[in-house]
Amino acid sequence: MGKDLVKHQLRNIGVTAGLLLLATGLAFILFFFISKSPANITLFYFIGVLSIARQTDGYFYGIFASFCSIIFINYFFSYPYFDINFLLPTYPFTFSCMLTLSLATSASVSYIKKQNRALRLRERQLAEAEKERMRENILRSISHDLRTPLTGILGSASSIAGDLESPVSPEQQKLLSHIQDDAGWLLHLVENLLSIMRIAGDGTRLETVPELVEEVIDEAVMRLHKQMPEARIDISVPEAALLVPMDAMLIEQVLINLLASAVAHDPDGHSAHLTVEERAKDVAFHITDDGVGPDNVRLFQIFNGVSSDSSAADSQKGIGTGFSVCHTIINAHKGRIVAQNYANGAEFMFTLPKEASA
Amino acid sequence: MSKFTALVVDDEKNICDFLSKLLMQNNYRVNCAYTGRDALSFATSQCPDMILLDLGLPDMDGMEIISQIRSWSGCPIIVISARSQERDKVRALDAGADDYITKPFGTMELLARIRTSLRHSNRLNSGGSLPNHPYQSNGLTIDFSRRKVTLNGAPVHLTPVEYKIVSYLAKNSGKVMTYSAVMSNVWGPYAESDNKILRVNMANIRRKLEKNPAQPVYIHTELGVGYRMAEDGQDP
């Protein structure tokens, strides 16, 4: 920034000096070879002052050039030549008029330039706001359009399954439960895609608000229970209420993804543990399972470019996508996410900084 | 007992079909409307006992329908919405909707919401015996006339503000109450728009009532919207 400013000022000074020299040079040619009338020479300087005001930033250079021109005209091109003298009869009047005229011109040119710049800035801001609004509308309509048919599928399937008047055969019941499972999985995928779209808009502009960690966990676990009614999550949070800046919707998605993968990998109990730990600069969330989960960790590494083994990439419905979504979200929050294996289980850990970094 | 009449408003025919089938299975009489205009004319001519309303209608803003119906009727309105529209939910609730449900919803969840809303509206219509009747759920008792809160028999000491919040939520148990509704009820209509003070109070309440604040039994958070207190177990 500072370097840029110096460069700008140097350019301004160069332009001013160059144009003044050019005007003076032309005036000398006119003066010695064509006519000694100061009127034409004055016009040269006016054009010079005008161009300087146009080409430089702010009012200063235009005004400075105005004063210089008056002095030059007086010194070089008006009687007595090569001498400063403003006191001959009519000179004070002539020169003060010239000065006023040239000051006014340069000032108005600078003013117009400033207005122009403000206008352009406003236009750009408006265009950006418009883009943001469009993105939100698209997101909203996509989310509506994707969820509505899934609601219909899930609802119709469960309403057929629960119809007491015309019960379905066990065979059909099984097919119905497949429909429900698959629709549920699609829904999980849709939620993840929508989360990514919220971030992927333009760069990493994230709106974080201080949220109570326990409230986010509560809602995440409730939503997980809708997907996996049998899941048992064992939660422990610090005694003091923790306010952490975050986009709650996205962190909820991270918690759901990690908990769902942990629960899916628990061989018998459908259980997982979530521990929140407050540290000096950040808050750490540990998600552990008791399963034999090296798969999970491997999958996590594959999806985050640590390992290039692609054989497992398409196994495990949606868990892989879920991991890369987690990675993106936590990165956007300037946190860290890691996975590691234990003797009897796996642990996922992510951190969120306590202070919102600008 | 005569059946309750429900009006389902959604531009998706599939959703309407499955909702009306579900509601009919559960002994409701159902009307469907696919547009806002139809919804309003149905509502005025049939006076349904409750309305299920999708906010994204082709011809009208859902908010407009809520405020038009609210100008002459207090019948429960449950808004059906997609999840990413927190702001819309809050606007709908503050405009007079009773509750909302998020797409996709389980059938049990929807039926429970409908029952809660109907019960609340019945109580309001019949004059309401609610202040004298203590709230009870899972070992938590709130005696409104004595202003006493007990948890499994042991008294819980709440500050006056905390008691105000809890009793307001308990009187509206089962329904989501927006931050702004709770704020204006507890701190008055000129309360600040920043809800941080409410959330700090809620964190303290949770530590007094809940065994594990991250797995609350009594007061659940609906992020970005408000709070929902567990249904009163003693309600008829």
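S106(A) is buried, with a relative accessible area of 1%, where buried denotes under 20% relative accessible area, exposed over 50% and partly exposed in between (1.4 Å probe, protein chains only). The model is a predicted one, in which local features need pLDDT of at least 70, side-chain atom pairs count only at pLDDT 80 or more, and totals for chains, interfaces and linings use all residues. Residues are numbered from 1 along each chain as its sequence is written, chains are lettered from A and ligands numbered from 1 in the order in which they are written, and side-chain values use heavy atoms, with hydrogens and water left out.

S106(A) lies in helix 4 (residues 91-161) of chain A; helices (H or I, at least four residues) and strands (E, at least two) are DSSP runs, numbered from the N terminus. When its neighbours within four places in sequence are set aside, S106(A) is in contact with V49(A), A53(A), G62(A), I63(A) and S66(A), contact being defined as heavy atoms within 4.5 Å.

Further along chain A, strand 2 (residues 232-236) runs parallel to strand 4 (residues 271-278), and 5 bridges join the two; strands are taken to pair if DSSP finds at least two bridges between them. Within this pairing, D234(A) stands opposite H273(A) of strand 4. Strand 4 of chain A also pairs with strand 5 (residues 282-289) of chain A, in the antiparallel sense and over 7 bridges, and these two strands form a hairpin with 3 residues between them. The bridge partner of T275(A) in strand 5 of chain A is H286(A).

In chain B, 4 strands form an open sheet in the order 6-7-8-9, with antiparallel pairing. Strand 6 (135-137) and strand 9 (154-155) of chain B stand at the edges, each with a single partner strand, so one side of each is left without a neighbour in the sheet. Strand 6 of chain B is joined by 3 bridges to strand 7 (residues 140-143) of chain B, and S137(B) is found opposite L140(B) in strand 7.

Between the chains, 33 residues of chain B are in contact with 40 residues of chain A. The area buried between chain B and chain A, that is, the accessible area (1.4 Å probe) that two parts lose on being put together, summed over both, is about 3,300 Å², of which carbon and sulfur atoms give 51%. The count between these chains is 6 salt bridges, a salt bridge being a side-chain nitrogen of Lys or Arg within 4 Å of a carboxyl oxygen of Asp or Glu. R199(B) forms a salt bridge with E215(A), the closest N and O atoms being 3.7 Å apart.
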